[in-house]
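We will go stop by stop.

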Amino acid sequence: MLAEQMTWMEYRDKVKHSVVILPMGSLEQHGPHLPLGVDAVIPTGFAKKVAEKIDGMVLPALTYGYKSQPTSGGGPLFPGTTSLDGETLIHLILDILRDTYRHGGRKFLLLNGHYENVAFATEAVELFLREARDIKAVIVNWWDQVPEALIPEIFAGAGFPGWDTEHAAITETSVMLFFAPELVRKDKIIDDQAKRIPKYSMFPPSKDIVPESGVLYKATYGTREKGEKLVNSVTDAIVEIVKKEL
Ligand code: ZN
Ligand code: MN
């Protein structure tokens, strides 16, 4: 199911009949306990699970994304956070869609793991639609597919802070403990929070809107069990979306 592991003949025979899944991530700080690649690792994990159930094909993930913002990813000042300009990201996605289309791909699932990518993925698909009128595409943020009913359980004792603030915190830590436990520094998991979270953006960002650790909420509430529940329910939800829309 992974395009990079297929031969060209296997790819040729599969691409026309498959939902093509593009995981979209970033290279971005995720606190002292998670690696820079979290936003790509998670949607790649979901992409493999979904592809198994719908006979899909998974393209190599985008491992860079749009600029990390202070109140949703910690912002640009952390070593390692390496981001793309919006135009670069739009054209990166558009190039991949165009060439996959040339090979016969017509159904696309853009599976996003990085909060800041959404507008640019939308623009890429909008531009793609102008020239490829017989395609269908869906953009999915994995966190948007967490069932409402699961929220009280996942955030028990901590409270739900909103998905933008849930960075390097409960859900990402839990899902990483399930998908890639070897990448989680378990002795370094902490809770943290910004001193204030303004409902506007300022440039350059003021230091007190970003916790020094890069953890934007309470990571110690993350567990592998929560990760397993999140992965199973989100996978089911994405499979339903694919069946309904693609
Ligand atoms: Zn993340
Ligand atoms: Mn991110």
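**Before you start.** This is a predicted model: local features need pLDDT of at least 70, side-chain atom pairs count only at pLDDT 80 or more, and totals for chains, interfaces and linings use all residues. Residues are numbered from 1 along each chain as its sequence is written, chains are lettered from A and ligands numbered from 1 in the order written, and side-chain values use heavy atoms, without hydrogens and water.

**Stop 1: the sheet.** Helices (H or I, at least four residues) and strands (E, at least two) are DSSP runs, numbered from the N terminus. Select the 4 strands of the open, parallel sheet, in the order β2-β1-β3-β4. Strands pair if DSSP finds at least two bridges between them. At the edges are β2 (57-58) and β4 (136-141), each pairing on one side only. Now select 19-24 and 107-112: β1 and β3 pair in the parallel sense over 6 bridges. Isoleucine 21 has leucine 109 in β3 as its bridge partner.

**Stop 2: helix α2.** Select residues 38-54. Helix α2 touches β1, β2 and β3; contact means heavy atoms within 4.5 Å. Its direction makes about 165° with that of β1. Axes are lines fitted to C-alpha atoms, for helices over the stretch in contact, and angles run from 0 to 180 degrees between N-to-C directions.

**Stop 3: helix α5.** Select residues 118-131. Helix α5 lies across β1, β3 and β4, at about 180° to β4. Which residues of α5 are buried? They are Phe120, Ala121, Ala124, Val125 and Phe128. Buried means under 20% relative accessible area, exposed over 50%, partly exposed in between (1.4 Å probe, protein chains only). Their cover includes β1, α4 (86-102), β3 and β4.

**Stop 4: the metals.** Select ligand 2, the manganese ion. Glu28 (OE), Asp39 (OD) and His114 (ND1) coordinate the manganese ion at 1.9 to 2.3 Å. Donors are N, O and S atoms within 2.8 Å of the metal (3.2 Å for Na, K and Ca); water is not among the atoms, so sites may look incomplete. Glutamate 28 sits in the loop between β1 and α2, and histidine 114 in the loop between β3 and α5, so the pair ties together parts 86 residues apart in sequence. Both glutamate 28 and histidine 114 are buried.

**Stop 5: threonine 235.** Find threonine 235 in helix α8 (residues 224-245). Threonine 235 counts as buried because its relative accessibility is 2%.
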